[in-house]
Amino acid sequence: MEQTNKRHIAILGSTGSIGTQALDVIGQHPELFEVELLTANNNSALLIEQALRFKPNNVVICNKDKYAEVAEALQPHYIKVFAGIESVCDLMSSDSIDMVLTAMVGFSGLKPTIAAIKAGKAIALANKETLVAAGGLVMPLAAQYNAPILPVDSEHSAIFQCLQGERVRPSSIILTCSGGPFLHTSKEDLEKVTVETALKHPRWKMGPKVTIDSSSLMNKGLEFIEARWLFDMDPSEIEVIIHPESIIHSMVRFADGCVMAQLSNPDMRLPIAYALSYPCRQTLSCTPLDFAKTGSLTFFEPDLERFPCLGIAKDAISAGGNTCCAMNAANESAVDAFLKGRIGYTDIPKIITATIEQTPFVKEPDLDAIFSTNFEARQTADRIIEQKFSR
């Protein structure tokens, strides 16, 4: 199947890892895609550079202090410039936008994603925290507004691709996990991990927050929760397996025992392109998988004692209510504190656990309760960091 109509894309978080790779994909197929909106939080210089190349109708810099700089550079080129997250939400209703790539990092992506869903836009979802914090609300909302959600994470894209053409639901989902830079690091040596070593992922090039999450296996925990909502699976039907080569990006198992997998070299442009083009596939300047050179593929169980964050995430989705939201907020605060050198690497799961325990449980949260939980849990995590862990 060939894509015949040009798609008009909004990229939320265009200066991050996913956003820049999405623009690379779009740049390879200008006949198929047009950029309508670019947004960034702080990186005004790169946002200006991207806008001058792709000529979107609108640009938003969320940090209002940088509005003047961006406006001065872009308004002479007839590119409208706005500031603040509310502007991002307002622009989601634009008739000129067909698809919204949500590549903002963290909980900040929830509000504009909901705005895009209510506008009936197709969502290419790269912001996993949206479903982690509020999956029980977001998925029904997407169905209500007929807004398709297409996964961009490599693991969820793999599952999505494996399910194409199937008429029965899988009996289980198998999420693969590279294991990160500390796959074979002892529990004792994890106490000595530095920010520099934690940011050296062996397979993927990602932003700092996602890279730290990947090293602690919290990223796989977030993906576990995301998979539960994307594919309407019970947590007991989702498995996690360590696969250091990162060639198989995830698998689905069916009732007859058949397992289907999606394989490729690690390159985020592949799942990005699939989401932007679905149900078509486009050519890309990516290195094809050479099986003769790949060698062996290995698999083994994750060690939850050395990497407790994955277990925390599994417990959180089982607990339900607002627990996953509290967990996500605590993790964002703890990772930020680690990146700033305020806490140690192994303090991260301790802070998350303590925050969940101290956050009031809400069994059936609405969106107001989700936003309140996020705020309260961050305050709690920050207080714990200040009182018990700050160096």
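Predicted model: local features only at pLDDT ≥ 70, side-chain atom pairs only at ≥ 80, totals over all residues.
Residues are numbered from 1 along each chain as its sequence is written. Local features need pLDDT of at least 70, side-chain atom pairs count only at pLDDT 80 or more, totals for chains, interfaces and linings use all residues, and side-chain values use heavy atoms, leaving out hydrogens and water.

**Exercise 1. Work out which strands stand at the edges of the open four-stranded sheet.**

Step 1: Write down the order, which is β9-β8-β10-β11, with mixed pairing. Strands are DSSP runs of E, at least two residues long, and helices are runs of H or I with at least four, numbered from the N terminus.

Step 2: Look for strands with a single partner; these are β9 (238-242) and β11 (259-263), so one side of each lacks a neighbour in the sheet. Two strands pair if DSSP finds at least two bridges between them.

**Exercise 2. Find how β10 pairs with β11, and how β8 pairs with β9.**

Step 1: β10 (residues 248-253) and β11 are antiparallel, with five bridges; Ser250 has Gln262 in β11 as its bridge partner.

Step 2: β8 and β9 run parallel and are joined by five bridges; here Ile174 is partnered by Glu239 in β9.

**Exercise 3. Decide whether β9 is largely enclosed or left open.**

Step 1: Count its buried residues: four of the five. Buried means under 20% relative accessible area, exposed over 50%, and partly exposed in between, with a 1.4 Å probe and protein chains only.

Step 2: Conclude that β9 is largely enclosed by the rest of the structure, because four of its five residues are buried.
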